[in-house]
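User: I have a model open and want to go through a few spots in it. Can you take my questions one at a time?
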Amino acid sequence: MRFRLTIEFAGTRYSGWQIQKNARTVQGEIDRAVRETISRTPFELYGSGRTDAGVHALAQVAHLDVDTTLPTHEIHARLNDALPHDIVILQVERVRHRFHARHDAVARSYLYQIARRKTAFAKPFVWWVKEPLSLDAMREAAASLVGFHDFQAFSDDDPGEKSTAVLLELLDLHADDDLIVVHVEGSHFIWKMVRRLVGVLVAVGRGELTQGEVVALLTGPSALPARLTAPAAGLFLERVYYEGDRRDVPIRPPVRLAAFAATSADRER
């Protein structure tokens with residue numbers, strides 16, 4: 001039987017999604033929970049894609065092939081009982097056997113949270129940027145990156161082994177009190193691409209890069225985005241989209257950060 005799992009996790013304590021021999025991972029924890037509570041016979045757990053160490057997910061998708069007579073609600077309950085507090089199975093659905101969590105995905109979206117003030121509570125989920133940021137400049141630069149481009153400069157992937165061309169469908173910035181939320185949506189994403197997009201936009205917001213210099217990064221290799229890579233802490237896999245899924249879901253910051261001791265003008269600089 002094949003089941004679709006929708007998974008929420010805080011990635012702070014994990015070395016990414018994919019199972020590794022000598023590291024604790026999200027997939028490894030779910031694999032252990034399946035073995036302990038559902039089936040000790042061979043099974044397959046396959047995610048929609050990898051996330052790096054420290055990256056979070058609001059709705060990662062995986063499919064689970066397992067020989068069981070348990071109903072979906074029982075699988076759901078057993079897995080959550082066996083998982084640590086920072087990994088939660090949101091939903092378990094029986095699906096057709098041809099459904100594939102990765103190959104059937106038509107798009108993915110990410111959120112990145114930039115904090116404009118130091119926070120005592122949200123540090124694992126934001127990147128605190130001390131300097132004032134120009135949202136207008138960041139938005140103009142973001143608009144120039146939307147479309148089908150070669151994002152080789154924004155990834156560590158080898159273009160000789162894997163295409164670095166990506167259809168970036170959306171790159172928006174939203175002000176939410178003392179947060180700037182970057183919303184990215186595309187056909188797929190290559191390794192470290194989203195964090196480097198954010199790092200480049202922050203450099204623009206600080207006045208360190210111009211829009212023209214950002215556009216030039218799409219013309220060939222450059223070491224600059226690697227040096228500007230944003231920390232993993234602020235990044236969330238928001239959604240994995242499949243055929244027929246709604247794409248107009250409102251943006252909701254995973255962590256709210258109320259404005260404190262700052263004027264509206266300060267926050268919009």
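User: Where does S109 sit?
Analyst: S109 is in strand β5, residues 105-115. Helices (H or I, at least four residues) and strands (E, at least two) are DSSP runs, numbered from the N terminus. This is a predicted model, in which local features need pLDDT of at least 70 and side-chain atom pairs count only at pLDDT 80 or more, while totals for chains, interfaces and linings use all residues. Residues are numbered from 1 along each chain as its sequence is written, and side-chain values use heavy atoms, with hydrogens and water left out.

User: Is S109 buried or exposed?
Analyst: Buried, because its relative accessible area is 0%. Buried means under 20% relative accessible area, exposed over 50%, and partly exposed in between (1.4 Å probe, protein chains only).

User: Which side chain does it have a polar contact with?
Analyst: The side chain of E238, at 2.6 Å. A polar contact is a pair of N or O atoms within 3.5 Å; within protein, one must be able to donate a hydrogen and the other to accept it, and residues adjacent in sequence count only if both atoms are side-chain atoms.

User: And what is S109 in contact with beyond its sequence neighbours?
Analyst: Leaving out residues within four places in sequence, S109 contacts H183, V184, E185, F236, L237, E238, R239 and Y241. Contact means heavy atoms within 4.5 Å.

User: What about R4, buried or exposed?
Analyst: R4, in strand β1 (residues 2-9), is buried at a relative accessible area of 17%. Not counting residues up to four places away in sequence, R4 touches V61, A62, Q91, V92, E93, V95, F99 and Y242.

User: Switching to helices. At what angle do α3 and α4 cross?
Analyst: Roughly 140°, and the axes of α3 (residues 135-145) and α4 (residues 193-206) come within 8 Å. Axes are lines fitted to C-alpha atoms, for helices over the stretch in contact, and angles run from 0 to 180 degrees between N-to-C directions.

User: Which residues make the contact?
Analyst: On α3 they are A137, M138, A141, A142 and L145, and on α4 L197, L201, V202, V204 and G205. By class, the contact has nine nonpolar residues, one polar and no charged. Ala, Val, Leu, Ile, Met, Phe, Trp, Tyr, Cys and Pro count as nonpolar, Asp, Glu, Lys and Arg as charged, and the others, Gly among them, as polar.

User: Which residues of α3 are buried?
Analyst: L135, M138, A141, A142, S144 and L145.

User: How do α1 and α2 pack?
Analyst: At an angle of about 120°, with the axes of α1 (residues 26-37) and α2 9 Å apart. R32, A33, V34 and T37 of α1 meet R78, L79 and A82 of α2, a contact with four nonpolar, one polar and two charged residues.

User: Now backbone. What is the phi of D177?
Analyst: Near 50°, a positive value in a residue that is not glycine. Most residues other than glycine have a negative phi. D177 lies in the loop between β8 (165-176) and β9 (179-186) and is partly exposed at 37% relative accessibility.

User: And K192?
Analyst: K192 is not a glycine either, and has a positive phi of about 70°. The residue is in the loop between β9 and α4 and is partly exposed, with a relative accessible area of 24%.
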